[in-house]
Structures are given as structure tokens and as C-alpha cells.
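I opened this notebook page to record what I looked up, entry by entry.

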Amino acid sequence: MSGYEAVIGLEVHVQLRTRSKMFCACANRVGAPPNSQTCPVCLGLPGALPALNAEAVRMALALGLAVEARIQPRSTFYRKQYFYPDLPKGYQITQGPVALVEGGDLDIPGDPTVRGATGPVRIRLERAHLEEDAGKSHHEAEGQSLVDLNRAGVPLLEIVGAPDLRSALEASEYLKTLHRLVVALGICDGNLEDGSFRCDANVSLRRSGEAFGTRVEVKNLNSFRFVRQALDHEIQRQAGLLGQGQPVLMETRGWDALAGETRAQRTKEAAMDYRYFPEPDLPPLSIESTEIEAVRASLPELPERQIQRWVEVHGLGLDEARTLAQSPAFAAYFETLARLSGTARGAAAWLLGEVSRTLNERGIGIEAFPLSPESLAGLVALVEARTISFGAAKDQVFPALLVGEGSADAIVAAKGLAQVRDRGAIEALVAQVLAAHPGPVAQIKGGKDSLRGFLVGQVLKAGGGKVDPALVQEVLSDRLANA
Ligand SMILES: [Zn+2]
């Protein structure tokens with residue numbers, strides 16, 4: 001990579017979670033029997049006329065407003081013509097030279113290895129336009145292919161980013177930021193495996209300060225990890241070619257996750273001529289300012305603002321806050337847990353620790369987590385008040401809560417887990433331990449401070465693991481200072 005700078009721009013296809021398809025009344029849902037969600041419009045039968053889905057327009061406006069883009073009062077639909085078995089009309093309806101959403105930007109964490117400094121960088125968006133999805137081909141054994149048109153006509157918002165990204169890491173950060181945003185706006189279910197949020201990348205290399213190099217398109221990157229791996233690989237591949245004085249070909253490549261490399265799919269020498277022309281069956285899309293203001297008023301608190309607030313008000317780390325903002329449901333759970341337990345840091349630690357581990361083990365989301373924030377808050381508050389140790393909370397109370405043995409208070413009482421916080425009792429234990437270990441005491445006085453931990457351990461042991469470690473430390477320090 002020496003001497004080269006990577007230039008990356010992403011095109012993200014966001015499937016909008018409208019109830020019906022883009023231009024017809026068919027249901028927009030996955031998992032229905034093949035070809036059951038179809039009608040003359042999305043099958044492209046002669047004479048069927050499209051009608052624009054107003055909900056999809058509102059969702060595109062929400063994205064546009066969230067990224068502070070320019071909303072175009074008037075945009076048009078075009079036909080993009082190509083032949084493919086899963087495209088029954090022989091063309092895709094997309095937006096023309098002017099998109100509903102133009103410009104805007106997204107702040108992402110910059111990659112310090114290429115930026116020379118840590119901190120956010122602003123990535124510009126070129127446009128976001130409405131279009132319809134194609135169907136799906138299923139390639140069976142023996143050379144047979146089957147076509148399912150349930151997805152044909154599902155609304156897509158294509159978000160085209162400017163080539164402002166400078167590394168694979170930045171590309172994955174951009175995607176994560178955009179993903180959090182569309183999920184928080186409620187316009188996409190964010191399901192990467194099902195292809196609700198998918199991405200193509202344009203990658204080229206140039207010597208710093210030079211014009212753009214030849215760009216290669218890497219298609220169908222459907223996980224944050226794949227984006228990072230595929231782009232890292234592609235950057236290395238291009239650097240290798242340029243280093244040997246060979247040209248980079250303008251082509252489309254796919255990511256082969258098993259082989260860990262990108263593979264040529266087709267060269268762009270024979271550039272596709274899509275013969276774009278205005279869609280005669282749809283009038284231009286006109287947006288009134290009242291409509292824009294109504295959408296603006298309905299926007300939720302945006303994830304990046306929420307993250308900033310948690311960092312500033314609650315003192316959370318930036319990475320912690322980003323993970324908590326992974327979905328609106330997770331963020332809402334955190335907010336409630338923090339409020340009810342009285343400790344945002346404690347709530348964050350529990351959610352990112354034991355709760356996330358449980359969700360991963362069970363393969364479920366926070367929506368299906370069996371404990372309400374109220375129930376978990378009882379436990380978090382007990383640890384915060386040092387009524388029980390974190391160890392006892394994690395190993396004994398939390399599992400008991402999960403299987404429904406009652407409230408945290410009740411479990412602590414039933415199992416006798418409350419910590420001894422009676423200073424007199426702890427002073428007695430400390431005195432006993434100091435008397436039993438005169439050697440270490442003398443060494444600590446001689447400056448060997450590392451032996452304090454040993455004495456604390458002895459006191460905790462003497463207390464049967466039920467004394468408050470913080471109070472033990474405090475009493476021990478007092479005693480050692482005054483002895
Ligand atoms: Zn239909």
C-alpha cells in the first residue's frame with residue numbers, strides 16, 4: 001500500500017419496510033410462498049399501471065432530513081432497461097437525473113491510520129433515490145433456475161455515498177452508522193442476511209494528491225465483516241498490480257468469502273447501455289413543504305445524537321455507547337434500565353456483558369429477552385448499592401432471575417447473598433487477619449504495597465466471600481496507616 005491512497009464510495013440499497021410494494025398493493029413481506037405476493041403491476045403484464053407508494057416517499061424524506069440533505073420539490077422516475085429473468089417488465093423503475101434526496105452527509109469515526117488523527121470525519125452523500133427491487137432467482141441442481149417474484153417491486157432507497165472513504169475500516173464504520181440510522185428511523189428492518197440492507201463498493205487507488213485511479217466495483221457485500229475483508233483484499237490486490245507496473249482493469253468483482261478474495265465477474269469494457277428514459281406511466285414526484293415539515297416533526301432522536309448524549313451526560317465510552325445504540329429496542333431498554341436502576345454505567349455494563357452474552361447464546365434479540373428492564377434494574381441497583389457483590393449477582397442472582405425465581409431482592413434474601421457491610425464486623429475480621437500475618441504487614445510498612453491485595457483476599461476469605469470488598473479495602477487502609 002506504500003504511497004497509495006484508497007478511494008472508496010459505497011452504494012447502499014435499503015429495503016424500505018412499507019406495508020405494500022412500491023407501485024402496487026401487493027404485500028411487502030419476506031417468507032411468503034414463492035410468487036404468492038404478485039399482481040399484474042409487479043409481474044409487468046401489459047396494460048397494468050403503477051401507482052406510487054406514499055409511505056415509501058415519506059421514508060425517503062425521513063432519511064433525507066436525518067442527513068440534512070436537500071429535498072427536491074420535484075423529481076422524476078425513469079426506466080432503466082436491461083434483461084434479466086427476475087425482472088419481468090424488462091426494465092426497473094428508478095429515479096432520473098434528479099433524485100428526491102440530493103446531498104447530505106454522515107459523520108463517522110475516522111480511521112487514524114489513514115487520517116493521521118483520531119476523531120470523526122464527515123462523509124458526503126451524493127443522493128438517495130427511490131427505485132424498485134427485482135425478483136430473486138434460485139439456482140437449483142441440474143442447471144435449473146427458478147424465479148420468485150415476491151420481491152419484484154419492493155421499495156428500495158439507494159443511498160449513493162461520495163468517494164470520501166479512505167480505508168476498509170472507514171467503509172465498515174460508514175455502513176454501521178448508516179445502518180443504525182435507517183433502523184432508528186424505522187424505515188428498514190436492517191436484516192443483512194435477508195438482504196434488506198446491502199452494499200456495493202467502488203474502490204480505486206491513487207498516489208496522494210493525484211486524480212482518481214481506475215475504479216473497480218465490488219458487489220453484494222452483505223455483512224460489516226465482509227465489507228472490511230473484501231475491501232482490504234481489493235486494496236491490496238490493486239496495490240500489488242500497480243506496484244508491478246500493471247494496470248487495474250475497470251471491472252465488477254464479487255467477494256468470495258470462502259476463498260477470502262474478490263473475483264472478476266465481468267469487465268465494464270462493454271459498458272451496459274440502460275437506455276434510460278422518463279417513465280411515461282408515472283407523473284413527476286412533487287413534494288409540498290407541509291409534507292416535509294410533517295416528516296421532520298415525526299423524526300425520533302437520531303442515534304448519533306443519542307450516542308453523544310450518553311457520552312456527555314452519562315460518561316459512557318464512545319464504543320460502549322455505539323454498541324448500545326445498535327437498535328432502537330436496545331437503546332430503549334438501556335434508557336429504561338439506566339433510569340430505573342439509577343446508574344447508567346451499571347446499566348451499560350450489564351447490557352453489554354451478561355445480557356448480550358445471554359442474547360448471543362440463545363440467538364435472540366433484546367425484544368425476546370425474558371427480563372423486563374424493571375426486573376433487571378432491581379439487580380443492577382443492588383450491585384450499585386453494594387448490597388451484593390458483582391460476582392454473586394452475575395453467578396447466582398442473574399441466572400435465578402432468568403428462570404423466574406422472583407425479584408432480585410427475593411432471590412438475594414432466599415439465598416442469603418447480602419454482603420456484610422457492618423463496619424464493626426469488618427474491622428474485627430481485618431484485625432484478625434493482620435494479627436495472623438505479621439510478616440506481610442511489616443513488608444507493606446517497608447514499602448511493599450503490592451501485598452495489600454493478599455491481605456484483602458485473606459479478609460474476604462475469612463468473611464466467607466460475603467463481605468463488601470470496597471469496605472474491606474477502606475478499613476484495611478485505615479488500620480495499616482494507623483498501626
Ligand atoms: Zn404487485
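This is a predicted model: local features need pLDDT of at least 70, side-chain atom pairs count only at pLDDT 80 or more; totals for chains, interfaces and linings use all residues.

Residues are numbered from 1 along each chain as its sequence is written.

Domains. I found the protein chain divided into domain 1 (4-286), domain 2 (301-415) and domain 3 (423-482); the bounds come from an automatic or database domain assignment. The centres of domain 2 and domain 3, taken over C-alpha atoms, are 32 Å apart.

Helix α7. Helices (H or I, at least four residues) and strands (E, at least two) are DSSP runs, numbered from the N terminus. I looked up burial in α7: P303, E304, Q306, I307 and W310 are buried (20 or more other C-beta atoms within 10 Å of the residue's own; exposed means 12 or fewer, partly exposed in between, with C-beta atoms placed from the backbone). Seen down the axis of α7, the buried residues fall within an arc of 165°, so they line one face of the helix; the arc is that of the directions from the helix axis to the C-beta atoms. On the other side of α7, I recorded R305, E312 and V313 as exposed. G315 follows α7 and has a positive phi, near 70°.

Loops. E142 is exposed, with 4 other C-beta atoms within 10 Å. R275, in the loop between β15 (261-267) and β16 (277-278), is likewise a residue other than glycine with positive phi, near 45°. R275 is exposed, with 10 other C-beta atoms within 10 Å.
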